[in-house]
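Colleague: I've got a fold open on my screen and I'd like to learn how to read it. Could you walk me through it?

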Amino acid sequence: EVQLVESGGGLVQAGGSLRLSCAASGSTFDDYVIGWFRQAPGKEREGVSRFSSSDGTTYYADSVKGRFTISSDNAKNTVYLQMNSLKPEDTAVYYCAASDYSEYALKGEYDYWGQGTRVTVSS
């Protein structure tokens, strides 16, 4: 069992920055995939970024590429999403999700989800 807790959300002005954290506890993985998702009111959940510990590969949605950076601190069992040059359209609840890498590779699904942290970007 893995628990994920997001933090770092808040209210910022357009052009500002936030760093979201996703802290894992309980049973953790040696080889994992962490994904960041967001969901704005009335919109579908969308994938924002993904990190695979097995090879260090990353993924970014086109809408955030060049502005967001995913990173990890294995000693703290924490994955971060640095968000720069924030835009009002980035406003959403942000969720992190995790899976064992092999399970993700087989299923294409995440097994664990956090509760979310709200990001509001004002114009």
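This is a predicted model: local features need pLDDT of at least 70, side-chain atom pairs count only at pLDDT 80 or more; totals for chains, interfaces and linings use all residues.

Colleague: How many bridges join β1 and β3?

Modeller: Six, between β1 and residues 18–26 of β3. If you want one to click on, Q3 has S25 in β3 as its bridge partner.

Colleague: Now the inside. Which residues have the most contacts in the largest nonpolar core?

Modeller: Look for W36, F68, L81, M83 and Y94, in a core of 28 residues. Several strands give two or more residues to this core, including β4 (32–39), β5 (46–52) and β8 (78–83). β9 gives the most, with four residues. There's also a second, separate core of five residues, and V33, A97, Y104 and Y110 are among them.

Colleague: On to the aromatics. How many aromatic pairs are there?

Modeller: Five. For each pair, check the distance between ring centres and the angle between planes. Take Y32 and F51: their centres are 6.2 Å apart and their planes at 50 degrees, so this pair is tilted. Y32 is in β4 and F51 in β5, so the pair ties together parts 19 residues apart in sequence.

Colleague: Are Y32 and F51 buried or exposed?

Modeller: The cut-off for buried is under 20% relative accessible area. Y32 comes out at 9% and F51 at 12%, so both count as buried.

Colleague: And why is the pair of F37 and Y110 called edge-to-face?

Modeller: Planes over 60 degrees apart count as edge-to-face. The planes of F37 and Y110 are at 85 degrees, with the ring centres 5.3 Å apart, so the pair gets that label. F37 lies in β4, while Y110 is in the loop between α1 (101–107) and β10 (112–113), so the pair ties together parts that are 73 residues apart in sequence. F37 is buried at 12%, and Y110 is buried at 15%. Ring pairs link F37, Y110, Y104 and W113 into a cluster.

Colleague: Which ring does R45 lie over?

Modeller: The face of F37, at 5.3 Å from the ring centre. Elsewhere, R19 lies over the face of Y80, at 4.2 Å from its ring centre.

Methods
Residues are numbered from 1 along each chain as its sequence is written. Side-chain values use heavy atoms; hydrogens and water are left out. Two strands pair if DSSP finds at least two bridges between them. A nonpolar core is a set of buried Ala, Val, Leu, Ile, Met, Phe, Trp, Tyr and Cys residues joined through side-chain atoms within 4.5 Å. Buried means under 20% relative accessible area, exposed over 50%, partly exposed in between (1.4 Å probe, protein chains only). Rings of Phe, Tyr and Trp (its six-membered ring) pair if their centres lie within 6.5 Å; planes under 30 degrees apart count as stacked, over 60 as edge-to-face and the rest as tilted. A charge sits over a ring if NZ of Lys or CZ of Arg is within 6 Å of the ring centre and within 35 degrees of the ring normal.
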